[in-house]
Amino acid sequence: MQEFIDQLPKLAKDKQNENKKYFAKLKKKPPKNLDTFMQDLHTKEFQKTDCLECANCCKTTGPLFTDIDVDRISKHLKMKSHQFEEQYLKKDEDGDFVLKEVPCAFLAADNYCLIYDVRPRACKEFPHTDRKKFHQISDLTMKNIAVCPAAYNIVEKMKELMPLEHKSNRRA
């Protein structure tokens, strides 16, 4: 697994142009069954992928923390929200709360999340491959396939099972 994780950034970069074209077509004319199709691919992939073997998302990227996330997590940690923010978070260029540093402070050595039951919504939903209106998050998906082996596999399977060929109006 670690070898695949190490190769992901290069694999994603090698597929970047192909994926950009695919997602551009997907955005223009998403198939009616796309959400159901993606939920099925997501479910099948996560039946064979164990996040505890990887945790690359927790090691290399940080989620956005909503105010609701901050309140829930700080309450769980028996801290005031502003204390939690000061200790663990910073505001990014968009004014959103993100982790001060990665790997995540709540990632244990065995890849378990120390705040799993109250983790941020962005963590619960990662890698977002089963999200409704999947075609609207192509930029996020392009980033996630460089980090998450499951997201990479899902997108590759998606392209295989749902090719979006450009239909020409020319007659032979």
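This is a predicted model: local features need pLDDT of at least 70, side-chain atom pairs count only at pLDDT 80 or more; totals for chains, interfaces and linings use all residues.

**Entry 1: a pocket.** I began with the second largest pocket, which holds about 320 Å³ of space. Which residues lie nearest its centre? I found Lys25, Lys28, Lys29, Leu164 and Glu165 there, out of eleven lining residues. I then sorted the lining by class and got five nonpolar, one polar and five charged residues.

**Entry 2: the largest nonpolar core.** Next I looked up the largest nonpolar core, and it has 22 residues. Those with the most contacts inside it are Phe23, Leu26, Leu34, Met38, Phe134 and Met158. Which elements give two or more residues to this core? My list reads helix 1 (2-14), helix 2 (16-28), helix 3 (34-48) and helix 9 (149-161). Helix 9 gives the most, with six residues.

Setting aside neighbours within four places in sequence, I noted Thr129, Phe134, Ile154 and Met158 as the contacts of Met38.

**Entry 3: a second core.** There is also a separate core, this one of 15 residues. Val70, Cys104, Leu107 and Ile115 are among its members.

**Entry 4: helix 5.** Val70 took me to helix 5, which spans residues 67-76. Asp69, Val70, Ile73 and Ser74 are the buried residues I wrote down for this helix. Why do they fall on the same side of helix 5? They cover an arc of only 115 degrees around the axis, so they share one side. On the other side of helix 5 I found Asp67, Ile68 and Lys75 exposed.

What do the buried residues of helix 5 pack against? I have strand 1 (64-65), helix 6 (81-88), strand 2 (89-91) and helix 7 (121-125) as their partners. I also checked the backbone after the helix: Lys78 follows helix 5 and has a positive phi, near 55 degrees.

**Entry 5: His128.** My last stop was His128, in the loop between helix 7 and helix 8 (138-144). Is His128 buried or exposed? Its relative accessible area is 8%, and buried means under 20%, so His128 counts as buried.

I then listed what His128 touches, again leaving aside neighbours within four places in sequence. The contacts are Ala122, Phe134, Ile137, Leu140 and Asn144. Phe134 was already in my notes, as a contact of Met38 and as one of the residues with the most contacts inside the largest nonpolar core.

How values were computed:
Residues are numbered from 1 along each chain as its sequence is written. Side-chain values use heavy atoms; hydrogens and water are left out. A nonpolar core is a set of buried Ala, Val, Leu, Ile, Met, Phe, Trp, Tyr and Cys residues joined through side-chain atoms within 4.5 Å. Buried means under 20% relative accessible area, exposed over 50%, partly exposed in between (1.4 Å probe, protein chains only). Helices (H or I, at least four residues) and strands (E, at least two) are DSSP runs, numbered from the N terminus. Contact means heavy atoms within 4.5 Å. On a 1 Å grid over the protein atoms alone, a cavity is a set of points where a 1.4 Å probe fits but cannot get out, and a pocket is an open set with protein on both sides within 12 Å along at least five of seven lines; lining residues have an atom within 4 Å of a point. Grid points are joined across faces, edges and corners, and a volume is the space filled by probe spheres set on the points. Ala, Val, Leu, Ile, Met, Phe, Trp, Tyr, Cys and Pro count as nonpolar, Asp, Glu, Lys and Arg as charged, and the others, Gly among them, as polar. The arc is that of the directions from the helix axis to the C-beta atoms.
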